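Here are a few notes to read beside the model. Keep the structure open and find each residue as you go.

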Amino acid sequence: MKLILGSGSPRRRELLAQLGVVADDIRPPDINEDPHKGELPRPYCRRIAHEKALAVEAAPDDIVLCADTTVALGRRILGKPRDASEAAEFLIALSGRRHRVVTAVVVRKGDRLWEKDVESIVKMKRLSNAEVNAYLAAGDWEGKAGGYAIQGPAGAFIPWISGSFTGIVGLPVAETANLLQAAGYPLYSD
Ligand SMILES: Cc1cn([C@H]2C[C@H](O)[C@@H](COP(=O)(O)OP(=O)(O)OP(=O)(O)O)O2)c(=O)[nH]c1=O
């Protein structure tokens with residue numbers, strides 16, 4: 001039995017390490033992440049995590065772990081920005097408001113699945129042009145849902161959250177620990 005982390009995200013690898021877990025292999029899934037027409041953020045996030053878990057090749061007794069993080073502004077899905085100008089658009093839309101961050105986690109063993117999604121609320125302060133420009137210039141927005149990362153310099157823009165900090169970063173560790181144990185991963189035994 002091997003543990004396969006189905007994710008190319010270094011954040012997820014680090015958050016897994018927080019549980020003392022090192023994956024035996026890392027196999028980033030390659031799926032189409034375009035939302036369906038009219039799809040709401042939370043069902044979208046669940047669907048993408050599910051599809052990622054099905055896309056990772058593994059032996060029948062391997063445990064596969066995948067996740068998806070989606071930033072939701074009302075009914076709007078903010079994915080990973082295509083470029084700096086889309087990141088700027090996202091940050092301006094998020095400025096001075098509360099939004100939600102959903103992370104869906106899926107653990108698979110053979111054709112059995114264990115799934116959990118965690119939603120947090122994030123308040124972003126009103127951003128000045130100087131703050132937006134400095135953040136964009138630092139390049140930290142790249143590859144981050146919603147165009148920011150709470151664990152980096154954008155932490156200075158976030159005075160308040162409700163929910164799971166590790167969920168916002170990309171892998172809610174409490175829920176992930178439960179899913180891994182449910183699938184038979186020996187988290188606290190040898
Ligand atoms: C909101 C937020 C997102 N993120 C990151 C976590 C995810 O890596 C990324 C969301 O993109 P995802 O599509 O969830 O993941 P990914 O493409 O990086 O990796 P993979 O599909 O291979 O697992 O945004 C942060 O690091 N901090 C934050 O505060």
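1. Start with one term. A residue counts as buried when its relative accessible area is under 20%. Bear in mind that this model is predicted.

2. Is Asp68 buried or exposed? Its relative accessible area is 4%, so Asp68 is buried, given that the cut-off is under 20%. Asp68 sits in strand β3, which covers residues 63-73.

3. The unreviewed UniProt entry gives "active site" as the feature at Asp68. Treat that with care, because such annotations may be inferred rather than shown by experiment.

4. Look at what surrounds Asp68. Neighbours within four places in sequence are set aside here. The contacts of Asp68 then include Arg12, Glu33, Tyr44, Lys52 and Thr103. Its side chain also makes a polar contact of 2.8 Å with the side chain of Thr70.

5. Now turn to the ligand. Which residues come nearest to the ligand? Of the 20 residues around it, they are Ser7, Gly8, Arg12, Lys52 and Lys80. Arg12 and Lys52 are also among the contacts of Asp68.

6. Check three distances to oxygen atoms of the ligand. A side-chain N or O atom of Ser7 is 2.6 Å from one. For Lys52 the value is 2.7 Å. For a polar side-chain atom of Lys80 it is 2.5 Å. The ligand alone exposes 600 Å², and the protein buries 94% of that.

7. Finish with Thr176, in helix α6 (residues 173-182). Thr176 is buried, because its relative accessible area is 0%. A polar atom of its side chain lies 2.7 Å from the backbone oxygen of Pro172.

Methods
Residues are numbered from 1 along each chain as its sequence is written. This is a predicted model: local features need pLDDT of at least 70, side-chain atom pairs count only at pLDDT 80 or more; totals for chains, interfaces and linings use all residues. Side-chain values use heavy atoms; hydrogens and water are left out. Helices (H or I, at least four residues) and strands (E, at least two) are DSSP runs, numbered from the N terminus. Buried means under 20% relative accessible area, exposed over 50%, partly exposed in between (1.4 Å probe, protein chains only). Contact means heavy atoms within 4.5 Å. A polar contact is a pair of N or O atoms within 3.5 Å; within protein, one must be able to donate a hydrogen and the other to accept it, and residues adjacent in sequence count only if both atoms are side-chain atoms. A residue is near a molecule or strand if one of its heavy atoms lies within 4 Å of it. Accessible areas come from the Shrake-Rupley method with a 1.4 Å probe; for residues, only the protein chains shown count as cover.
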